[in-house]
Amino acid sequence: ANMEKAAAPSSVPVGVDPNRASIARVYDAALGGKDNYEIDRQVLDAIKRAVPEVRDMAWANRNFLIRAVRFLSDHVGIKQFIDCGSGLPTAENTHQVAQRIDEETRVVYVDNDPVVLAHGNALLVDNDRTWIADADIYQPRQVFEHEFVREHIALDQPVALLHVSTMHHYLGDDYADVMRDYIDRLPSGSYVAFSHFYDPEDPALSPIARHMEQEMLGSPMGSGAFRTREQLLEMADGLEIVQPARGVEPDLVLCDEWWPNGPHLEPLNEAQRIIGCWVARKP
Ligand code: SAM
(Lines give C-alpha, C1' and ligand atoms only; values in the text may rest on other atoms or scores of the structure.)
Protein backbone atom coordinates (compact mmCIF):
# COMPACT_ATOMS: atom_id res chain seq x y z
CA ALA A 1 0.00 0.00 0.00
CA ASN A 2 2.86 2.36 0.80
CA MET A 3 4.40 1.86 -2.61
CA GLU A 4 1.16 2.81 -4.21
CA LYS A 5 0.80 5.85 -2.01
CA ALA A 6 4.38 6.94 -2.51
CA ALA A 7 3.57 7.28 -6.20
CA ALA A 8 0.66 9.66 -5.44
CA PRO A 9 0.72 12.78 -7.61
CA SER A 10 2.40 14.96 -5.00
CA SER A 11 5.69 13.10 -5.24
CA VAL A 12 5.77 13.28 -9.02
CA PRO A 13 6.89 16.59 -10.53
CA VAL A 14 4.00 17.99 -12.53
CA GLY A 15 6.11 19.71 -15.16
CA VAL A 16 4.86 22.93 -16.66
CA ASP A 17 1.65 21.36 -17.92
CA PRO A 18 -0.98 24.13 -17.94
CA ASN A 19 -3.69 21.45 -17.75
CA ARG A 20 -2.53 20.07 -14.43
CA ALA A 21 -2.58 22.07 -11.25
CA SER A 22 0.54 22.14 -9.14
CA ILE A 23 0.71 22.38 -5.35
CA ALA A 24 3.12 25.33 -5.55
CA ARG A 25 0.92 27.25 -8.01
CA VAL A 26 -2.36 26.61 -6.13
CA TYR A 27 -0.67 27.78 -2.92
CA ASP A 28 0.65 30.85 -4.75
CA ALA A 29 -2.89 31.60 -5.92
CA ALA A 30 -4.16 31.21 -2.33
CA LEU A 31 -1.59 33.78 -1.18
CA GLY A 32 -2.77 36.18 -3.88
CA GLY A 33 0.35 35.69 -6.05
CA LYS A 34 0.52 35.92 -9.83
CA ASP A 35 2.56 32.83 -10.68
CA ASN A 36 -0.37 30.51 -11.36
CA TYR A 37 -2.48 29.26 -14.26
CA GLU A 38 -6.23 29.05 -14.88
CA ILE A 39 -6.24 25.39 -13.81
CA ASP A 40 -4.64 26.30 -10.47
CA ARG A 41 -7.26 28.99 -9.85
CA GLN A 42 -10.01 26.49 -10.69
CA VAL A 43 -8.63 24.09 -8.09
CA LEU A 44 -8.42 26.93 -5.59
CA ASP A 45 -12.06 27.84 -6.32
CA ALA A 46 -13.09 24.26 -5.62
CA ILE A 47 -11.15 24.30 -2.34
CA LYS A 48 -12.81 27.63 -1.47
CA ARG A 49 -16.18 25.94 -1.70
CA ALA A 50 -15.04 23.71 1.16
CA VAL A 51 -13.07 26.37 3.04
CA PRO A 52 -14.11 29.90 1.97
CA GLU A 53 -11.38 31.56 4.02
CA VAL A 54 -8.56 29.39 2.62
CA ARG A 55 -6.53 32.53 1.91
CA ASP A 56 -6.33 33.15 5.68
CA MET A 57 -5.11 29.59 6.10
CA ALA A 58 -2.36 30.08 3.53
CA TRP A 59 -1.29 33.33 5.16
CA ALA A 60 -1.43 31.85 8.67
CA ASN A 61 1.04 29.28 7.39
CA ARG A 62 3.27 31.71 5.51
CA ASN A 63 3.41 34.15 8.42
CA PHE A 64 4.34 31.29 10.74
CA LEU A 65 7.23 30.46 8.40
CA ILE A 66 8.43 34.07 8.48
CA ARG A 67 8.26 34.29 12.30
CA ALA A 68 9.88 30.88 12.73
CA VAL A 69 12.80 31.85 10.46
CA ARG A 70 13.21 35.12 12.34
CA PHE A 71 13.24 33.21 15.65
CA LEU A 72 15.74 30.60 14.42
CA SER A 73 18.01 33.19 12.92
CA ASP A 74 17.84 36.03 15.43
CA HIS A 75 17.09 34.25 18.69
CA VAL A 76 18.71 30.84 18.25
CA GLY A 77 21.49 32.13 15.99
CA ILE A 78 21.37 29.45 13.30
CA LYS A 79 23.42 30.28 10.21
CA GLN A 80 22.30 27.56 7.80
CA PHE A 81 18.83 26.64 6.60
CA ILE A 82 17.41 23.84 4.50
CA ASP A 83 13.92 24.89 3.35
CA CYS A 84 12.09 21.80 2.05
CA GLY A 85 9.26 22.50 -0.38
CA SER A 86 10.08 26.18 -0.55
CA GLY A 87 7.33 27.11 -3.00
CA LEU A 88 7.17 30.07 -5.34
CA PRO A 89 8.98 33.19 -4.21
CA THR A 90 6.48 35.37 -2.42
CA ALA A 91 6.58 38.46 -0.18
CA GLU A 92 9.17 37.29 2.34
CA ASN A 93 11.22 34.23 1.58
CA THR A 94 13.42 32.36 4.02
CA HIS A 95 16.68 33.77 2.68
CA GLN A 96 15.39 37.34 2.82
CA VAL A 97 14.27 37.02 6.43
CA ALA A 98 17.41 35.16 7.58
CA GLN A 99 19.96 37.18 5.59
CA ARG A 100 18.48 40.47 6.79
CA ILE A 101 19.42 39.32 10.29
CA ASP A 102 22.81 37.95 9.24
CA GLU A 103 23.90 38.29 5.63
CA GLU A 104 26.30 35.36 6.03
CA THR A 105 23.42 32.90 6.54
CA ARG A 106 23.33 30.11 3.96
CA VAL A 107 20.00 28.89 2.64
CA VAL A 108 19.39 25.83 0.48
CA TYR A 109 15.87 25.65 -0.90
CA VAL A 110 14.59 22.28 -2.07
CA ASP A 111 11.67 21.79 -4.45
CA ASN A 112 10.84 19.71 -7.51
CA ASP A 113 8.32 21.93 -9.29
CA PRO A 114 9.88 23.29 -12.49
CA VAL A 115 8.09 26.63 -12.14
CA VAL A 116 9.45 26.99 -8.60
CA LEU A 117 12.95 26.02 -9.75
CA ALA A 118 12.87 28.52 -12.63
CA HIS A 119 11.66 31.40 -10.43
CA GLY A 120 14.11 30.44 -7.72
CA ASN A 121 17.05 30.45 -10.10
CA ALA A 122 16.03 33.84 -11.49
CA LEU A 123 15.61 35.30 -8.02
CA LEU A 124 18.94 33.98 -6.80
CA VAL A 125 21.29 34.98 -9.65
CA ASP A 126 22.79 37.76 -7.55
CA ASN A 127 22.88 35.87 -4.28
CA ASP A 128 25.93 33.73 -3.54
CA ARG A 129 24.65 32.40 -0.22
CA THR A 130 21.38 30.89 -1.45
CA TRP A 131 20.79 27.87 -3.67
CA ILE A 132 17.80 25.96 -4.96
CA ALA A 133 18.13 22.18 -5.18
CA ASP A 134 15.94 19.99 -7.36
CA ALA A 135 15.18 16.99 -5.16
CA ASP A 136 12.30 14.97 -3.74
CA ILE A 137 11.62 16.24 -0.23
CA TYR A 138 10.05 12.93 0.78
CA GLN A 139 13.42 11.26 0.29
CA PRO A 140 15.72 12.75 2.94
CA ARG A 141 18.69 10.86 1.53
CA GLN A 142 18.21 12.54 -1.85
CA VAL A 143 18.07 15.94 -0.15
CA PHE A 144 21.19 15.36 1.95
CA GLU A 145 23.11 13.91 -0.98
CA HIS A 146 22.32 16.85 -3.23
CA GLU A 147 25.50 18.73 -4.11
CA PHE A 148 24.18 22.06 -2.76
CA VAL A 149 23.44 20.53 0.63
CA ARG A 150 26.75 18.64 0.72
CA GLU A 151 28.74 21.73 -0.28
CA HIS A 152 26.99 24.45 1.68
CA ILE A 153 25.46 22.89 4.79
CA ALA A 154 28.02 21.97 7.45
CA LEU A 155 26.79 18.97 9.42
CA ASP A 156 29.00 19.75 12.40
CA GLN A 157 26.98 22.90 13.13
CA PRO A 158 23.28 23.33 13.95
CA VAL A 159 20.98 23.38 10.96
CA ALA A 160 17.47 24.81 10.67
CA LEU A 161 15.31 22.41 8.69
CA LEU A 162 11.99 23.77 7.44
CA HIS A 163 9.14 21.43 6.54
CA VAL A 164 6.42 24.04 6.31
CA SER A 165 3.18 22.92 4.65
CA THR A 166 4.84 20.00 2.93
CA MET A 167 4.21 16.72 4.74
CA HIS A 168 0.43 16.93 4.29
CA HIS A 169 1.02 16.42 0.57
CA TYR A 170 2.69 13.12 1.37
CA LEU A 171 0.01 10.45 1.68
CA GLY A 172 2.10 7.45 2.72
CA ASP A 173 1.45 5.89 6.11
CA ASP A 174 5.17 6.14 6.80
CA TYR A 175 5.10 9.97 7.11
CA ALA A 176 6.67 9.77 10.59
CA ASP A 177 9.53 7.62 9.22
CA VAL A 178 10.29 10.31 6.63
CA MET A 179 10.60 12.92 9.37
CA ARG A 180 12.60 10.55 11.60
CA ASP A 181 15.08 10.03 8.77
CA TYR A 182 15.52 13.81 8.48
CA ILE A 183 15.89 14.23 12.24
CA ASP A 184 18.47 11.44 12.42
CA ARG A 185 20.63 13.24 9.87
CA LEU A 186 20.66 16.56 11.76
CA PRO A 187 23.45 17.46 14.16
CA SER A 188 22.56 18.02 17.80
CA GLY A 189 21.39 21.59 18.47
CA SER A 190 19.54 21.71 15.14
CA TYR A 191 15.95 22.89 14.88
CA VAL A 192 12.99 21.81 12.79
CA ALA A 193 10.12 24.18 11.90
CA PHE A 194 7.02 22.32 10.81
CA SER A 195 3.44 23.06 9.77
CA HIS A 196 0.72 20.80 8.45
CA PHE A 197 -3.02 20.64 7.70
CA TYR A 198 -4.58 19.90 11.06
CA ASP A 199 -7.69 17.95 11.94
CA PRO A 200 -8.60 19.25 15.41
CA GLU A 201 -10.97 16.28 15.91
CA ASP A 202 -13.69 18.82 16.64
CA PRO A 203 -17.17 18.02 15.30
CA ALA A 204 -17.48 21.60 14.06
CA LEU A 205 -14.19 21.56 12.14
CA SER A 206 -13.35 17.99 11.12
CA PRO A 207 -16.03 17.90 8.38
CA ILE A 208 -14.52 21.05 6.87
CA ALA A 209 -11.09 19.41 6.88
CA ARG A 210 -12.53 16.25 5.25
CA HIS A 211 -14.30 18.34 2.61
CA MET A 212 -11.10 20.21 1.71
CA GLU A 213 -9.23 16.90 1.59
CA GLN A 214 -11.79 15.55 -0.89
CA GLU A 215 -11.54 18.64 -3.07
CA MET A 216 -7.76 18.27 -3.24
CA LEU A 217 -7.71 14.54 -3.79
CA GLY A 218 -10.21 14.83 -6.59
CA SER A 219 -8.33 17.66 -8.27
CA PRO A 220 -5.36 17.67 -10.63
CA MET A 221 -3.28 18.94 -7.71
CA GLY A 222 -3.59 15.50 -6.23
CA SER A 223 -3.19 15.51 -2.51
CA GLY A 224 -3.63 16.95 0.92
CA ALA A 225 -4.12 15.07 4.19
CA PHE A 226 -5.41 16.51 7.44
CA ARG A 227 -3.74 14.69 10.29
CA THR A 228 -4.55 14.74 14.01
CA ARG A 229 -2.62 16.28 16.90
CA GLU A 230 -1.18 12.88 17.73
CA GLN A 231 -0.01 12.35 14.14
CA LEU A 232 1.51 15.82 13.87
CA LEU A 233 3.37 15.24 17.12
CA GLU A 234 4.56 11.82 15.93
CA MET A 235 6.59 13.74 13.35
CA ALA A 236 8.41 15.59 16.18
CA ASP A 237 9.55 12.36 17.78
CA GLY A 238 13.01 12.70 19.32
CA LEU A 239 12.81 16.51 19.41
CA GLU A 240 12.14 18.99 22.21
CA ILE A 241 9.30 21.28 21.22
CA VAL A 242 9.93 24.97 21.81
CA GLN A 243 7.41 26.97 23.87
CA PRO A 244 5.11 28.51 21.26
CA ALA A 245 4.41 31.65 23.29
CA ARG A 246 4.96 33.05 26.77
CA GLY A 247 3.11 30.97 29.33
CA VAL A 248 2.15 28.26 26.84
CA GLU A 249 3.42 24.71 27.33
CA PRO A 250 5.61 23.27 24.55
CA ASP A 251 3.07 21.67 22.21
CA LEU A 252 1.49 21.72 18.79
CA VAL A 253 -0.42 24.99 18.27
CA LEU A 254 -2.30 26.67 15.44
CA CYS A 255 0.01 28.60 13.11
CA ASP A 256 -1.56 31.89 14.18
CA GLU A 257 -0.87 31.08 17.83
CA TRP A 258 2.84 30.42 17.45
CA TRP A 259 4.81 33.41 18.74
CA PRO A 260 2.18 35.83 17.36
CA ASN A 261 3.17 39.27 16.13
CA GLY A 262 0.55 40.87 18.31
CA PRO A 263 -2.74 40.28 20.07
CA HIS A 264 -5.58 38.60 18.21
CA LEU A 265 -8.30 41.21 18.16
CA GLU A 266 -10.79 38.82 16.59
CA PRO A 267 -11.33 35.11 17.11
CA LEU A 268 -9.58 32.88 14.56
CA ASN A 269 -11.84 31.74 11.74
CA GLU A 270 -12.45 28.14 10.67
CA ALA A 271 -9.68 28.16 8.07
CA GLN A 272 -7.15 29.43 10.60
CA ARG A 273 -8.08 26.63 12.99
CA ILE A 274 -7.14 23.76 10.68
CA ILE A 275 -3.45 24.47 10.18
CA GLY A 276 -1.06 23.49 12.98
CA CYS A 277 2.65 23.84 13.68
CA TRP A 278 5.56 23.28 15.98
CA VAL A 279 9.20 24.32 16.20
CA ALA A 280 11.51 21.90 17.96
CA ARG A 281 15.15 21.34 18.86
CA LYS A 282 17.20 18.22 18.48
CA PRO A 283 18.94 17.55 21.81
N1 SAM B 1 7.04 25.98 2.35
C2 SAM B 1 6.32 27.01 1.63
C3 SAM B 1 5.39 27.72 2.56
O4 SAM B 1 4.98 27.10 3.55
O5 SAM B 1 5.06 28.89 2.36
C6 SAM B 1 5.57 26.46 0.43
C7 SAM B 1 4.60 25.31 0.72
S8 SAM B 1 3.76 24.69 -0.73
C9 SAM B 1 2.17 24.36 -0.01
C10 SAM B 1 4.45 23.05 -0.89
C11 SAM B 1 5.69 22.99 -1.76
O12 SAM B 1 6.23 21.66 -1.72
C13 SAM B 1 5.45 23.30 -3.24
O14 SAM B 1 6.33 24.29 -3.66
C15 SAM B 1 5.71 21.98 -3.96
O16 SAM B 1 6.28 22.16 -5.25
C17 SAM B 1 6.68 21.31 -3.01
N18 SAM B 1 6.68 19.86 -3.15
C19 SAM B 1 5.61 19.01 -3.11
N20 SAM B 1 6.00 17.75 -3.27
C21 SAM B 1 7.36 17.78 -3.42
C22 SAM B 1 8.35 16.77 -3.61
N23 SAM B 1 8.03 15.49 -3.66
N24 SAM B 1 9.64 17.17 -3.70
C25 SAM B 1 9.98 18.47 -3.65
N26 SAM B 1 9.08 19.47 -3.44
C27 SAM B 1 7.79 19.12 -3.35
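Figure 1. On a 1 Å grid over the protein atoms alone, a cavity is a set of points where a 1.4 Å probe fits but cannot get out, and lining residues have an atom within 4 Å of a point. This is a predicted model: local features need pLDDT of at least 70, side-chain atom pairs need pLDDT 80 or more, and totals for chains, interfaces and linings use all residues. Residues are numbered from 1 along each chain as its sequence is written, and side-chain values use heavy atoms, without hydrogens or water. The structure holds 2 cavities of 30 Å³ or more.

Figure 2. The ligand is surrounded by 21 residues (a heavy atom within 4 Å). The closest are Tyr27, Asn61, Arg62, Gly85 and Asp111. The shell divides into 8 nonpolar, 9 polar and 4 charged residues.

Figure 3. Pairs of N or O atoms within 3.5 Å count here. A side-chain N or O atom of Asp111 lies 2.6 Å from a ligand oxygen. For Gly87, a backbone N or O atom is 3.3 Å from an oxygen atom of the ligand. Ala135 places a backbone N or O atom 3.4 Å from a ligand nitrogen. The protein covers 98% of the 600 Å² of accessible area that the ligand has on its own (Shrake-Rupley method, 1.4 Å probe). Helix 2 (23-30) and helix 4 (54-75) are the elements that give two or more residues to the shell.

**Figure 4. The largest pocket.** A pocket is an open set of points with protein on both sides within 12 Å along at least five of seven lines. The largest holds about 150 Å³ of space. Among its lining residues are Asp56, Trp59, Arg67, Asp256 and His264. The lining divides into 3 nonpolar, 5 polar and 3 charged residues.

**Figure 5. The ring pair of Phe64 and Trp258.** Rings of Phe, Tyr and Trp (its six-membered ring) pair if their centres lie within 6.5 Å; planes under 30 degrees apart count as stacked, over 60 as edge-to-face and the rest as tilted. The count comes to 8 aromatic pairs. Phe64 and Trp258 have ring centres 5.5 Å apart and planes at 85 degrees, so the pair is edge-to-face. Phe64 lies in helix 4 and Trp258 in the loop between strand 7 (253-254) and strand 8 (275-281), so the pair ties together parts 194 residues apart in sequence.

Note on methods: Polar contact = N/O pair within 3.5 Å; in protein donor to acceptor, adjacent residues only side chain to side chain. Helix = DSSP H or I, 4+ residues; strand = E, 2+ residues; numbered from the N terminus. Nonpolar A, V, L, I, M, F, W, Y, C, P; charged D, E, K, R; others polar. Points joined across faces, edges and corners; volume = space filled by probe spheres on them.
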